[in-house]
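This report describes part of one protein structure in plain terms. Please look at the sequence and the model shown here before reading on.

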Amino acid sequence: PDGDSSKIVQELQRLVKEDLAVKIIDVNSKSNKLIFSERAAMEEGLKELASNYKVDEVIEGIISGVASFGAFVRFTDNPAVEGLIHISELDHRLIDNPKEIVSVDDIIRAKIIEIKDGKIYLSLKALKEDPWTLAKTKYEEGMEVGGKVYMFNPFGAIIDLGDLQGQIHVSEFGGIEEMKRELVLKKEFIFVVTSVKPEEKRIYLKMKK
């Protein structure tokens, strides 16, 4: 459309006389044209920056952004480098919102768990003690525990036990609607432990009758 074309021209006009880092992605000798890509050059630059780091290295960074899927971390030793902590790598427990763990401008230490195509993936939980290693010594079948309803899912509810999370299956209530009538988010109830499986990171619960 003409409107889109004019906007592109306007944007390009702003770049006149500006220095740009670009990468040649095609050469057409018949028309004497070179095709450049600024994005490709940027990606090459990111790969070069990422090559200065190694998997298992611990870095210090500042939380530069928080999204529903995780948090972005700008490295303090080189602010041009940014990594991502996926929501599953923020803590050993299930997290509904990354803002429960981190906020923008927080200074954190994280472990590099993967470097791929110039992107650096980090883990916060890798530097935290895993509470599941002590689950068997703290919880046992038949034990009564107090827990707060953390969230619902199609299979039941996640219960916050403090150091760990347990889960109660929807079949305990007959259905989802019945479960939501009996359990209330953020409210505490008394449950009974039915099984503890640290290897699966699971503590199964039922309601105390």
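D91 is found in the loop between strand 5 (82-86) and strand 6 (107-116); helices (H or I, at least four residues) and strands (E, at least two) are DSSP runs, numbered from the N terminus. The model is predicted, so local features need pLDDT of at least 70 and side-chain atom pairs count only at pLDDT 80 or more, while totals for chains, interfaces and linings use all residues. Residues are numbered from 1 along each chain as its sequence is written, and side-chain values use heavy atoms, with hydrogens and water left out.

**Around D91**

Is D91 buried or exposed? D91 counts as buried because its relative accessibility is 14%; buried means under 20% relative accessible area, exposed over 50%, and partly exposed in between (1.4 Å probe, protein chains only). Not counting residues up to four places away in sequence, D91 touches I101, K125 and K128, where contact means heavy atoms within 4.5 Å.

The table lists polar contacts between side chains, including two made by D91. A polar contact is a pair of N or O atoms within 3.5 Å; within protein, one must be able to donate a hydrogen and the other to accept it, and residues adjacent in sequence count only if both atoms are side-chain atoms.

| Side chain | Partner side chain | Distance |
|---|---|---|
| D91 | R93 | 3.4 Å |
| D91 | K128 | 2.9 Å |
| S171 | H169 | 2.9 Å |

R93, one of the partners of D91, also lies over the face of Y150, at 5.9 Å from the ring centre. A charge sits over a ring if NZ of Lys or CZ of Arg is within 6 Å of the ring centre and within 35 degrees of the ring normal.

**Around S171**

S171, which is in the table with H169, is found in the loop between strand 10 (165-169) and helix 4 (176-182). S171 is exposed because its relative accessible area is 55%. S171 and K206 are 35 residues apart along the chain, and their C-alpha atoms are separated by 9.9 Å.

**The barrel**

Five strands close into a barrel in the order 3-4-5-7-6, with mixed pairing; two strands pair if DSSP finds at least two bridges between them. Neighbouring strands of this sheet are turned by 50° against each other on average, direction ignored. Axes here are lines fitted to C-alpha atoms, for helices over the stretch in contact, and angles run from 0 to 180 degrees between N-to-C directions.

Strand 3 (residues 58-67) and strand 4 (residues 70-75) run antiparallel and are joined by six bridges. The two form a hairpin with two residues between them. V66 has A71 in strand 4 as its bridge partner, and I63 has V73.

Strand 4 also pairs with strand 5 in the antiparallel sense, over five bridges, and a hairpin joins these strands through six residues. Here F72 has L84 in strand 5 as its bridge partner.

**Aromatic pairs**

How many aromatic pairs does a search of the whole structure find? The search finds three. Rings of Phe, Tyr and Trp (its six-membered ring) pair if their centres lie within 6.5 Å; planes under 30 degrees apart count as stacked, over 60 as edge-to-face and the rest as tilted.

One of the pairs is F69 with F72, which is edge-to-face because the planes are at 90°, with the ring centres 5.9 Å apart. F69 is partly exposed at 40% relative accessibility, and F72 is partly exposed with a relative accessible area of 29%. F189 and F191 also form an edge-to-face pair, 6.4 Å centre to centre and with 65° between the planes. Both F189 and F191 are buried.
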